[in-house]
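Please examine the sequence and the structure shown below. The briefing that follows is arranged by topic.

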There are 2 protein chains.
Amino acid sequence: MPVKTKKPKKTRAQKRAKRTRKKLKKAALDVFSQKSFDATTVEDITEKADLGKGTLYQHFADKEEIVVTLVEEAVDHLIERIHLYDVPPETLEAMLEHLLNAHYQFSMDSKEEFLLLFQGKLLLKLQSDTLDELEEPYLRYLEEIELQVSKYLSPKINALKVRRLACAVAGFVFGFFSFAMIGMTSKEIDTSIKPLRRVFVKSLCTFLGR
Amino acid sequence: MPVKTKKPKKTRAQKRAKRTRKKLKKAALDVFSQKSFDATTVEDITEKADLGKGTLYQHFADKEEIVVTLVEEAVDHLIERIHLYDVPPETLEAMLEHLLNAHYQFSMDSKEEFLLLFQGKLLLKLQSDTLDELEEPYLRYLEEIELQVSKYLSPKINALKVRRLACAVAGFVFGFFSFAMIGMTSKEIDTSIKPLRRVFVKSLCTFLGR
DNA sequence: TTTTTTCTTGACTTTTTAGTCAAAATTGAG
DNA sequence: CTCAATTTTGACTAAAAAGTCAAGAAAAAA
């Protein structure tokens, strides 16, 4: 048995299966971000992926499993984005600017993932009956923001206050874009985000400072 | 034929029909705010209202018509809330405080309507295929915010800037609550909103002032 | 009272969607 | 090439939801 390095993408058939899975995820992401989760059917997805319906069930147990997978990956990508800086921000203010900018970049580069994340969000506390696995990645995301900003804060600072900050960052970005999509063109959004970001950061610093 | 005052709630049968319609709307609001729009079935609604399924179709053409009705009314109520003050705010800052507070009060007093409004919101620009009527009340809401703040602004001010402000207000409130619902208890939310509101208002004033 | 009109109902038909599985297609081994 | 293993397929069944309508219940008129 050959002990290869990391990726044992053994046979050609397995590679094909992997490609198929990828196609399914891409199609599902497209559809979920256009319609809502509940509104999309399995056939919407397989149709878009140009694959048979049964194929989806070969790769995912059901519709829920695929959306959970997608949300987890999207959170991963957003967090990667957050980790991405040439030189680490020196001040809290700079870090907040960076965070907001990272969200903005993410919403531009990965529009579908952004829409997916901030669409499923509300489902959570509400329909607490199912979809519990969905809550985990969102909490992970909040905790990541907390981790980033807490580097600049006294360790004695109230944990709740940090969480408020994280909610404010996430909420502002998401909320602003949601309404901006209704009320503005994307050109207008682009010119709007910079000055708003500045003042929002300022206000958050004041919030933490006192 | 008796010419009565304003409300010609003529016969008893018609009153009953009106009550039935009200029961349906109440039930639908409850269910829509718990599940999502797409996830609720017509029978969920009539079940909750303790009425026959056919009755809903007597009063509304389909599920879409009832949700549009509810969203329009919810926006009406939110706007009423916004109009509700003992003494008109004297400064822009006071008005912004009032606006944010009105949203907060609305989310407490009319939780279901708040959840409904800020759940359907994302559906809009996205699935532009249907549900166009839903966009209208949201735009009306943004315009109402613009109207309120523009009283305090020079008439020469850039309209886009005012719209940005409206999006920021709506987005901040909505977004913050969305994430707060995941990451905080309602007690924590309550203590969080006040200091955040203060600094947010301050920064918005700066944004407009310059 | 009886008759007529209005409103409500839930069993029914139709449509849509989830999920299954035997067969077909592709791939790997001999 | 042949045959077995793996992956894909779409027609099929089962379940769920939408939407209909003749009949029933309540109210108004006669």
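Helices (H or I, at least four residues) and strands (E, at least two) are DSSP runs, numbered from the N terminus. This is a predicted model, in which local features need pLDDT of at least 70, side-chain atom pairs count only at pLDDT 80 or more, and totals for chains, interfaces and linings use all residues. Residues are numbered from 1 along each chain as its sequence is written, while chains are lettered from A and ligands numbered from 1 in the order in which they are written.

**The surface near the DNA**

- DNA strand C is surrounded by 23 residues, where a residue is near a strand if its C-beta atom, placed from the backbone, lies within 6 Å of it.
- The closest of these residues are Arg12(A) and Gly54(A), together with Thr20(B), Gly52(B) and Gly54(B).
- In chain A, helix H1 (12-34), helix H2 (42-49) and helix H3 (53-59) each supply at least two residues of this surface, as do helix H1 (12-34) and helix H3 (53-59) in chain B.
- H1(B) gives the most to the surface near DNA strand C, namely 5 residues.
- By type, the surface near DNA strand C has 6 nonpolar, 9 polar and 8 charged residues; Ala, Val, Leu, Ile, Met, Phe, Trp, Tyr, Cys and Pro count as nonpolar, Asp, Glu, Lys and Arg as charged, and the others, Gly among them, as polar.

**The domains of chain A**

- Chain A is assigned domain 1 (10-60) and domain 2 (63-209), with bounds that come from an automatic or database domain assignment.
- The C-alpha centres of domain 1 and domain 2 of chain A lie 27 Å apart.
- Their contact takes 10 residues from domain 1 of chain A and 12 residues from domain 2 of chain A; two residues are in contact if their C-beta atoms, placed from the backbone, lie within 7 Å.
- On the side of domain 1 of chain A that touches domain 2 of chain A, H1(A) gives the most, with 6 residues.

**The contact between the chains**

- In chain B, 48 residues are in contact with 46 residues of chain A.
- H9(B) gives the most to the side of chain B that touches chain A, with 18 residues.
- The residues of that side of chain B divide into 28 nonpolar, 11 polar and 9 charged.

**The relation between the two copies**

- Chain B can be laid on chain A with an RMSD of 0.2 Å by a turn of 179 degrees and a shift of 0.1 Å along the axis, the copies being superposed by least squares on the C-alpha atoms of residues with pLDDT of at least 70 in both.
- The two copies are thus related as by a two-fold rotation axis.
- The same surface serves both copies, as 96% of the contact residues of chain B recur in chain A.
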